[in-house]
Amino acid sequence: MPARSKARKRAVDVLYESELRDRAPLTTLADRIELADPPVPDYTARLVEGVVEHAERLDELLAAHSQGWSLERMAPVDRNILRLGAYELLYAEDVPDAVAISEAVRLARELAGEESPAFVNGLLAHLLELKPTLLP
């Protein structure tokens, strides 16, 4: 598995753990960096920090464009994969749009329920269509 793919999975792990433990993601990230077992890739830190920085806007967009699903109704792992995918899609200029979506779908296939990959793909593809209107 490529290094960035591993870093993305680790970022989802940190975000998911933080949500389940009701802890700030940056606190969980700092703990994981300190433990270094396994070491936390720089890209994982960048992703978690980016999701945290843009959390309000990401959640707003996901809630507004997930037809029939509130953020609270989504499975926690789906919600965090979507946050990560939307962050890369909208804010990570060095990540091609297709890569952001395909990596999020791959994570959903690996970590989430049977219907999750299609849900993640559909929602992120919709955000991609709207991308020119979503950011200043």
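User: Why is Val48 counted as buried?

Analyst: The model is a predicted one, in which local features need pLDDT of at least 70 and side-chain atom pairs count only at pLDDT 80 or more, while totals for chains, interfaces and linings use all residues. Residues are numbered from 1 along each chain as its sequence is written, and side-chain values use heavy atoms, with hydrogens and water left out. Buried means under 20% relative accessible area, exposed over 50%, and partly exposed in between, with a 1.4 Å probe and protein chains only. Val48 has 0% relative accessibility and therefore counts as buried.

User: Where does Val48 lie, and which residues is Val48 in contact with beyond its neighbours within four places in sequence?

Analyst: Val48 belongs to helix α3, residues 42-53. Helices (H or I, at least four residues) and strands (E, at least two) are DSSP runs, numbered from the N terminus. Contact means heavy atoms within 4.5 Å. Once neighbours within four places in sequence are set aside, Val48 touches Ala11, Val14, Leu15, Pro25, Leu26 and Leu29.

User: What makes Arg8 and Glu103 a salt bridge?

Analyst: A salt bridge is a side-chain nitrogen of Lys or Arg within 4 Å of a carboxyl oxygen of Asp or Glu. The closest N and O atoms of Arg8 and Glu103 are 3.5 Å apart, and the pair forms a salt bridge. Arg8 lies in helix α1 (residues 3-21) and Glu103 in helix α6 (residues 97-111), so this pair ties together parts that are 95 residues apart in sequence.

User: How do you know whether Arg8 and Glu103 are buried or exposed?

Analyst: Arg8 has a relative accessible area of 3% and is therefore buried. Glu103 is also buried, because its relative accessible area is 12%. Arg8 and Glu103 belong to a network of salt bridges that also links Glu88, Arg106 and Glu110. A search of the whole structure finds 15 salt bridges.

User: What makes Asp97 and Lys131 a salt bridge, and which parts of the chain does the pair link?

Analyst: The side chains of Asp97 and Lys131 meet at 2.7 Å, N to O, in a salt bridge. This pair links distant parts of the chain, with Asp97 in helix α6 and Lys131 in helix α7 (residues 116-134), 34 residues apart. Asp97 is partly exposed because its relative accessible area is 25%, and Lys131 counts as partly exposed at 23%.

User: Why is Arg23 called partly exposed, and which residue does Arg23 meet in a salt bridge?

Analyst: Arg23 has 27% relative accessibility and so counts as partly exposed. Arg23 meets Asp31 in a salt bridge, at 2.5 Å from N to O. Asp31 is likewise partly exposed, because its relative accessible area is 24%.

User: Which residues line the largest pocket, and how many of the lining residues are charged?

Analyst: Arg23 is one of the lining residues of the largest pocket, together with Leu15, Ser18, Glu19, Pro25, Val51, Val52, Ala55, Asp59, Asn80 and Arg83. On a 1 Å grid over the protein atoms alone, a pocket is an open set of points where a 1.4 Å probe fits, with protein on both sides within 12 Å along at least five of seven lines; lining residues have an atom within 4 Å of a point. Ala, Val, Leu, Ile, Met, Phe, Trp, Tyr, Cys and Pro count as nonpolar, Asp, Glu, Lys and Arg as charged, and the others, Gly among them, as polar. The lining divides into five nonpolar, two polar and four charged residues. Helix α1 gives the largest share of the lining, three residues.
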